[in-house]
Amino acid sequence: MKHLRRIFLKFYLLFTNSKMEAELAREICAHLALLEDEYLRRGMTSDDARRAARVAYGGVEQAKQLHRDERTFQGLSQIPQDVRYTLRQLRKSPGFSVTAILMLALGMGATTAIFSIVEGVLLRPLPFPNPDRLVVLGDVLEGSHCASCTQSSVTAPDIRNYMRNTESFSHLGGYRQRLFELSGAGEPAAVNATRMSGEVFAALGVSPVLGRTFTQQEDEEGQQVAVLSYGMWRSRFHGDANVLGSKILLYRKPYTVIGVMPRDFEFPLNPGNVNQSELWLPLSLQPEEFTAGRAASWNSRMVGRLKPGVTAGQAQSDAERVAQETMRDYPAYMRSIRIHAVATPLHEDTVGQARPLVRTLFFAVIVVLLIACANLAGLLLVRAIRRRREIAVRLALGARAGTLLRQAVVESMVLSIAGGATGLALAAVALRVGVALLPQTLPRVNEIGLDWPVMLFALGLALLTGFLCGLAPAFAAIRTSVNESLKEGGRTGTSGGGHAKLRSALVVAEIAVALTLLTASGLLLRSFEKMRDVELGFRPGNTLAALYVLPQQRYSTQSTIDEFTKTLLNDLGQLPGADAVGITSFLPATGNNWGTAFTIEGYVPPTGARLNMAAISLIEGDPFQALGIRVLRGRVFTESDNAGSQLVAIVNRKMAERCWPRQDPIGKRLRRGMPETSTPWMTVVGEVDDVKLEARDAETMPQVYQPVTQTVASEGVLASHGELSAADGWIVLRSRMVPEGMQDTLRATVRRLDPQLPLYQMQTMEHAISKSEAPRRFNTVLISSFAIAAVLLSVLGIYAVIAFSVALRKQEMAVRMALGGQRAEIILLILSSGAKLAAVGCGLGLVGAVAASRLLRSFLFEVSPFDPGVLSLAAIAMLLLALAASALPAIRASSTDPMLTLRGE
């Protein structure tokens, strides 16, 4: 306790130093006065007594220093003085200061910006109370191998059964997103909304800022109430506090506004800025959703809050029990379906797919920071060597090694903090501009920013960087040989050669890590090139697409829907410049790839594939011509392919090769559902090219096309009573005009038929493809940018080391030339020095690239992480850049006048 009290006292005295110094001076004066009086009494003169008193007392300054060391942490008390000294020294070397600060600003700014993404996406807890207790519950279909079946989802019966029969959740509910036509509050508009059980709000535990949320009872009673998002309340209702109780029309049905959620509330937590819910409505499951085909539609999800003490594993076991009970109750036409319950923490479900990308970006930016730090350490080391005579004089005059060590670290810290502050400003600008450029596959982008954790990270990074970068020059300073440095005087020569290995090691490390990043960039560029070479299966040029959804309130019968679509296709086909028009349920390149089970006549699926899944597109008009999809065999649909005619289908090449290998698929038969499902057969009348429903690098799914007019007939027992077809779809319009110029024309044509009907997600097909390629393009551009920065910094490091080495060997070069050495020999000598460093660095960099291949493997497309071409080109490029960086010092050294140099020495 006594030692602890002493430590606290020392820290306290750091802040009362001036008062203690005054007291110390008075006390020493008193001691000297007493001694002087004593000598005066002995008969000495005043001057002799004063001199004798000082000799007897000893060194005054030494006594003061001993007292300071005893009463406080003297090193800490000297830091402000060291900072002032450092600032004076840096002002004398503005070029060095600006270069060092900008290098660190680049590295730390990029690192801070990427860490803000890491913190916002991965590290920050979800914006709900006790978010670790929230889990997503769903089914995974056994034996399904389509991309859309990997995410857990549930059916309407699943929602009912899990809510009633599980025992692990305090609150559990289902939800699904969909587009709505909003009217009754300004101009009609398309909005994203989420229908969900009343229990979902209770599970999330977030209270509204106005009003209330709906209850489970209101959900089950089918109450038409709505809760608005904060953004919609501000933009659509101008923040009106009296909005509660007002009416809005959704698909022309009245809903009462009962609440407004907080600004930062978001659910579901969708990737990117798209499809974020603007309002929430009761799920209100309808009786038809529990019958026929609707009961086998996995189009919803569930979220719940675990009871205290219950783990996600226990909840999954509980849900698996209910899933087995649900399967036992399946109707006969679903007997072969096998499901397994999956309970995933909500945080993992939200960020799991983004984690590899964010980790890779953080790794890449750390590489850039390490190179910047190595450069700073090299510059400080050079600075320490150039100041070796000054340091030797200070050591000869009695300066402590600890004092020099502290001053060197303080100088590095000052530079690092200045670089960190500049980097923080650069990071703020980069985030303001760059968040909009983030790929839409990244979740929680609205939470990315420079908050306190990010700023504390930046501060800690600056302090750590300054400390580490200052160690090498600090130890170089205290290891200065006083005798050799003072004997050497102002001559150049080989002094400082003891630190040459350290400087070379720093450069080799820079080259190695830069080559690792350059190789990663090359592999990603190669992957992007490979992806761009993949055939889309359609021609996107001059094609415009837009989604519509007909409100059931007005289009309540099949005849009204058919009249709308027929008139729409006819009017669009007569537009000036229109080449072809059609309607399809799935639009290529937009990620619409929900699988449907099919039974193929005479086909035996491979072992383990219980379900033969394919993406089904319901079409009307001529979307094949409008999208430029090539017909390989047979024919397209005609007007005679209607509800009263033979059921027909068109398959893509992959479906044909899988189900009828080395056969002509024309005339073959298939039907919806499982083998035990009673559905009518459809005859294949055509085969078309494979179409990419997602990005180019995504797996191509088997695809089946049907006339939309035959939808209900082909569903057989799966069809619901009163089911309507063609109530929504993608309009695709190919024209001889620029597609952007057709947007207003398309809107006007639809408005003439229905003035209140909005169009959703209107876009050119080229834009749709660009969006699908955005994630891979983002990865490639960002990693390549980091690689370029790393290479430039490493080249700067090579140049600095070679240039300084040449400056130290200036006398040697002059002697060589005086003894008959040729300019070419001098240039070759210096280039060989740079080449040796680059060769060692490239060797280590290739090893690093191989070691980092695991990080990159998931981002590559049809490219091996050990691609010899990329590895070779990256190494050659690095060697050439190293030689180029060495060329300028070499040329400068070869231009040395030996007479002037030797005379000066």
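**A tour of helix packing and nonpolar cores**

Begin by selecting helix 27 and helix 29, where helix 27 passes helix 29 in a right-handed crossing. The model in view is a predicted one. Helix 27 spans residues 823-851 and helix 29 spans residues 868-894; their axes come within 8 Å and cross at roughly 150 degrees. Angles over 145 degrees count as roughly antiparallel, and helix 27 and helix 29 are therefore roughly antiparallel to each other.

Next, display the side chains at this contact. On helix 27 they include Arg823, Ile826, Gly834, Cys842 and Ala849, and on helix 29 they include Leu871, Met878, Ser886, Pro889 and Ser894. The residues of the contact comprise 20 nonpolar, three polar and one charged.

Now select Val121, Leu442, Leu517 and Phe786. Within the largest nonpolar core, which has 69 residues, these four touch the most other members. Helix 27 and helix 29 each supply at least two residues of this core, as do helix 7 (94-123), helix 14 (355-386), helix 16 (401-434), helix 19 (500-532), helix 25 (765-808) and helix 26 (810-818). Select helix 25 in turn: the largest share of the core, 14 residues, comes from this helix.

Finally, move to helix 8 (residues 156-165), in which Ala156, Pro157, Asp158, Ile159, Asn161 and Tyr162 are buried. What covers these buried residues? Among the covering elements are strand 1 (134-141), strand 2 (169-183), strand 9 (301-306), strand 10 (339-345) and helix 12 (312-328).

Methods:
Residues are numbered from 1 along each chain as its sequence is written. This is a predicted model: local features need pLDDT of at least 70, side-chain atom pairs count only at pLDDT 80 or more; totals for chains, interfaces and linings use all residues. Side-chain values use heavy atoms; hydrogens and water are left out. Buried means under 20% relative accessible area, exposed over 50%, partly exposed in between (1.4 Å probe, protein chains only). Helices (H or I, at least four residues) and strands (E, at least two) are DSSP runs, numbered from the N terminus. Contact means heavy atoms within 4.5 Å. Axes are lines fitted to C-alpha atoms, for helices over the stretch in contact, and angles run from 0 to 180 degrees between N-to-C directions. Angles under 35 degrees count as roughly parallel, over 145 as roughly antiparallel, 65 to 115 as roughly perpendicular and the rest as oblique. A crossing is left-handed if the near helix is turned anticlockwise from the far one by less than a right angle, and right-handed if clockwise. Ala, Val, Leu, Ile, Met, Phe, Trp, Tyr, Cys and Pro count as nonpolar, Asp, Glu, Lys and Arg as charged, and the others, Gly among them, as polar. A nonpolar core is a set of buried Ala, Val, Leu, Ile, Met, Phe, Trp, Tyr and Cys residues joined through side-chain atoms within 4.5 Å.
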